[in-house]
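Walk through this structure with me, one local feature at a time.

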Amino acid sequence: MESASFPEDVLERKVCVVGSEPVENYTVYIIEVSDGEHRWTVKHRYSDFHDLHEKLTAEKKVDRRLLPPKKMLGKNSKSLVERRQKELELYLQTLLQQFPEATPSPLACFLHFHLYEINGITAALAEELFNKGEQLLQAGEVFSLYPLQLYSVSQQLRLAKPICCSGDAKTDLGHILDFTCRLRYLKVSGTRGPVGSSNIQESSLPFDLSVFKSLLQIEISECSSQQIRGLSSLRSSLATLSIHHSMETMTSILVPESSEFSQWEAEGAESGCPVTAVIPVWRNLTTLDMSHNGISTIDSSVKLIPKVEFLDLSHNKLSTVENLQHLYNLVHVDLSYNCLQVLEAAHTRLGNIKTLSLAGNQLQQLSGLTKLYSLVNLDLSHNQLDQLEEIRNIGSLPCLEKLNLSSNPMCIIPDYRTKVLAQFGDRASEVCLDGKVTTEKELDTVEVLKAIQKAKEVKDRMSSGDKKISEETRLSAAAPPHLSSSSSPPSSSSCCSSAVAPPTVTSSSSSSSSSFSSCPAQQASCPSQGNHVCIRLCRAEGGVGDQEQSVEEVLSSLQVDLLLPYSQLLLSSQAELPDSCLAFGLQAAPTRWFLFSEPKALRQTRSELKVLIQAMKSQPDPEPPLPPQLLHRSLINSWELEESQGAQGGYAAFLLPSSSTSFSAPDTHPLLSDILSSREDPSLPSLLFLTHRHLWVLNIDFRELAESERRSAGLHHSSSSSSSWCRLVRVPIGSMVLHPGERTSKVEERSSNTSCPDPKHHHRRSHSVELLLGGQRLLLLFPLAQNRSSFLGELRQRRAALEGLKMVALPLPCPQDGPHTQGRHGSRDQCCCSRKRKSHSTNSWDSSRLQVEENQPSPHLTPSLSPGLKLLAGLGGEQLLTHFHRYIAESESEEVRQVLWLSVVLYKSPESELTCCLLLSNDTIYFLLEDSAATLVDHSVLDVMDSGDPDLCLCCCLSVRLSDLLSVNVGLFDQYFRVVGRSADHIVCCLSRDSYGTGVFLQELMSALSLQQQQLPQPEPSDQDFYSQFTSTNTGKMQNYELLHSSRVKFIYPSEEEMGDLTFIVAERKTPASAASPSSRSFNVLLYLLVFQVQIPSQGSTLSGLSSSSGLCPVLQPRTLILTSTDVFLLDEDYVSYPLPDFAKEPPSRERYQLREARRIRDLDRVLLGYQTYPQALTLVFDDLPGPDLLCHLTMDHFTAAGEEAPSRRGGSSSGAEGEVQWCVFVPGADSRERLISLLARQWEALCSRELPVELTG
């Protein structure tokens, strides 16, 4: 709250009776009350004074003689009125002096304090909310307040006095504060001119909105934006903001800090110049209504409202539309009744909006609205539109349904409605003009106008075309022969496509019309011209990578294979076929042709063909136009509709098993078997669609489809079920990966022009893709080379954006000093180590920093390494960089900055600890996990199978882009860190169990984040790194510090509260007897380590029997070791669930810390260090003696019957000699191990006054 805007001192109140006026048979006295600069008048007759006095004498013991007595005779005489006027003024002044602090309620009501004075206003409001506040909150209705009320509350909060001065609990200011903290919907309505009988101008009163903590919606009117305080506190909660008659600039509301900081920038935005303040955005604001103000420009403050969907700027003074390109989520925009004269390139400013109101402006042209393809509702009423030609600019908008052109000069043109509707072509029936539904009569008139226009266009096209079509074009419709050449000129519509003609379904027609040859590099063009349509197939001898040819050169190489008159052409129904497939045939024959190309190009070709066929037949189209559909809804399950919205593709491809794969084998991947077994005829292509989670493979039986169309030809728009001729197979993208040879060849193609050795197919790579599905190969052949490129690009984008686990394929490296044999690495799969990448020499990152020692996993991780991780662990520095760039990285510009071997715990599977190789690049954090990660919940789609290729390994991978990183939580004593992304799949706890490794990772991560910014200078080097400056790990004192990086990533370090919670848990273990000892008075945590407790499966053996020669494999149980000044504890800890992420709706199922074992340092007998139980493990031998806290050591073996075997003690501690308990603990880090021994010895010596025995075993 800004105190400078509010008066500092308590205002002096005065009252005087300034006059009187007769009313019927009594006199009314005019009282003027002043409270500082605020004055108001009150009118009362003498009886009102008498009633007030009676209440005060009863409640406040006021002297009865203070009020002038009544007069029965001459009470309205002038002399009596003047004398009584002075006496009543003295009476009121005496009362105010008698009650200077808390004015009695009757007197406050008498002087209208509840309407104009801050104490009275707040008391009245508090009493109202005391009685009705809870009901108002439960009802969820809009609550109205006046600026004067908000001003009074703001003033009261500033004053240093009790919140309830009157002694009446109902008027306690706390009722207002409690109500405002929970209120969700608020309306603040000011007034023009003075309030009531006062001189108070509400527009000049400052008030503070920071007392509202939960507001979702607020409406402000008739208030000065300069007087509104605390708006910035609403940024995190407000969803709807409406403000009217209150401002002249948007900045004054959206950026109230602009009055203090001239150079500011929105949070997360890139700035090219220095700024003095970074302003947070309105995170939840979706509706902004700033209508009826004096706004003249849309300034840059809109950068702070990126999530706004509804924007109303009507009834302002706008002359241009600017800066709206920053609002990517806009759906509805109202710019009506402004001063707009022209609107150019509106699609670059308004994006994909659905509703646009431009009514009441001065528009004369509509050329700027041509590309608003998502527009549904458009209001252009009350403008200056006078030319019907302007409607053509919006006639091609595919989604426009409602158009308002009323009150424009063009409305007086005869047949205005039908001429406007005719501009929309086939969509005339879908457009509602000026709020009226189009009638049948109007549609008939529109059809006549359309027919005239189309006939004119056809005539013009025919007259301007080439006249070289000879008699050979008059072909038989039943069996058209093939032509060797054609000199027909190209048309304006063409598409690169692949054509397939299945054999006919009857024996009377030959199948010679099949136009697909054995070479997969065919391309087709289907221009529509003159009175015929021709399908032309040619061989793209130039292939991919040759120089571009001119249009004339391309057309001269075309050979006409088919030429049909429009009168004999039959377009198949598009009801169930994807948009990437165009089907047509002959009316008198059952032969059908199927063309595959880009969906947009085929839709345009189909539309033009329909127009030309209708023009020749002079009849309307019997098939209604269908909306664009990438994949028909009958093929998709109801729960897949949302996923299908972002689908891309429709690529035609042939799916073939690799030479080493047989789909009849029993170990074939189920999905691969499902794809290949459903192919009755492998010579027919499938259609591939990519969603954000799956690859959809649509297998179509074209013969069955053609036959079903023939059977339904005599019926009215009926067709067979799509399940009879097609099948959709869904393949998770995470389980599918490019074969390493594909990625290797891509690198080689940039450095050399290596091609297939077969001269007939020297561009095979431009048409084929080899995938790995569950470790088995699947070959995709694309007839169109551009489909292969589009498919690979889309697949890489989908995999990069995929949340959760995915597979990566890693080839075995070649010996760098030996020859590369053809048997192991053929011409296609070249050795990945044979050449160094050029990007290493040009990148600022020095690969020599990545030493071989960094790529060595700790010995305790080695037993759980899967084949893929073993491959990575065996790579040298340069080999690892090459493998990362070619087979792991999602982007070619990525470089490895650090390699870290550790264990990780996923948020969705907190019970499993996985071995991981962490690769930090300048763009992404990659977690390469052991194979057991594929069996976790929600990741069952992954299947790590043996690829059958001895030179290939599969590995599970989880990637988190640095741009999606929200925060990094650093654990106690730097033993672990947690990476938090934007979803639960991207929350990973990394158990480094090494403070040095954690510190190095954090430094490299901050450096990588800084490189992404590039607008901020690098920090000056210092003697200490950031982590050393702000943490003190040697003493164990954690500082409550949270660093907000320049990339907006939060680095959250352990707080004192977190350390206090841990101290409380271990202190609770101590009994009152032990807590009272002198040693426990300075109880504190000395050391926190993540360790392993070594357990042998066979219990009951002695220490000598636990040697490695016994053949028993020790089991490592993860534990948290806490060392205090008097005790040592072993706990189970939930590392990944705490602190709770923002999206968590309930606490985790288990507590953060669970105590497993605890022993006093005083009871420690000796420490064994050696290799008997586990290499480099520590064996702590305690005397099992009952101490003061006997109950804490009590176990179930005290209650076993004689002869029964007692269960093992407390979670895995082993018994050595009689009366001893042994803890076998493995500390992965050498520094941590030495530190544990040192602190144990120091504390043991302080408690027992002698040195701790440490024995080395063999």
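Glu222 lies in the loop that runs between strand S7 (217–221) and strand S8 (228–229). The model is predicted. Look at the backbone of Glu222: phi is positive, about 55°, although the residue is not a glycine. Most residues other than glycine have a negative phi. Glu222 counts as buried, because its relative accessibility is 18% and the cut-off for buried is under 20%.

Now move along to Asp415. This residue sits in the loop between strand S17 (402–404) and helix H11 (416–422). Asp415 also has a positive phi, near 50°, and is not a glycine either. Is Asp415 buried or exposed? It counts as exposed, because its relative accessibility is 56% and the cut-off is over 50%.

Another backbone feature is found at Pro1139. A cis peptide bond joins Tyr1138 and Pro1139, with omega about -10°. Most peptide bonds are trans. Pro1139 is placed in the loop between strand S46 (1127–1133) and strand S47 (1153–1160).

Next come two buried residues. Ser336 belongs to the loop between strand S14 (332–334) and helix H9 (347–350). Its relative accessible area is 5%, so Ser336 is buried. What joins the side chains of Ser336 and Asp334? A polar contact of 2.7 Å does. Beyond its neighbours within four places in sequence, Ser336 is in contact with Ser314, His315, Ser357, Leu358, Ala359 and Asn361.

Tyr29 is in strand S2 (residues 26–35). With a relative accessible area of 1%, Tyr29 is buried. Leaving aside neighbours within four places in sequence, its contacts include Val17, Val42, His44, Tyr46, Val81, Arg84 and Leu88. Take Arg84 from that list. Tyr29 and Arg84 are 55 residues apart along the chain, yet 9.5 Å separates their C-alpha atoms.

Finally, the helix pair. The axes of helix H5 (residues 118–139) and helix H7 (residues 173–182) come within 8 Å and cross at roughly 40°. H5 is therefore oblique to H7. The crossing of H5 past H7 is left-handed. From H5, the contact is made by Thr122, Leu125, Ala126, Leu129, Phe130, Gly133, Glu134, Leu136 and Leu137. From H7, Leu173, His175, Ile176, Phe179 and Arg182 take part. Sorted by class, the contact of H5 with H7 holds nine nonpolar, three polar and two charged residues.

Methods. Residues are numbered from 1 along each chain as its sequence is written. This is a predicted model: local features need pLDDT of at least 70, side-chain atom pairs count only at pLDDT 80 or more; totals for chains, interfaces and linings use all residues. Side-chain values use heavy atoms; hydrogens and water are left out. Helices (H or I, at least four residues) and strands (E, at least two) are DSSP runs, numbered from the N terminus. Buried means under 20% relative accessible area, exposed over 50%, partly exposed in between (1.4 Å probe, protein chains only). A polar contact is a pair of N or O atoms within 3.5 Å; within protein, one must be able to donate a hydrogen and the other to accept it, and residues adjacent in sequence count only if both atoms are side-chain atoms. Contact means heavy atoms within 4.5 Å. Axes are lines fitted to C-alpha atoms, for helices over the stretch in contact, and angles run from 0 to 180 degrees between N-to-C directions. Angles under 35 degrees count as roughly parallel, over 145 as roughly antiparallel, 65 to 115 as roughly perpendicular and the rest as oblique. A crossing is left-handed if the near helix is turned anticlockwise from the far one by less than a right angle, and right-handed if clockwise. Ala, Val, Leu, Ile, Met, Phe, Trp, Tyr, Cys and Pro count as nonpolar, Asp, Glu, Lys and Arg as charged, and the others, Gly among them, as polar.
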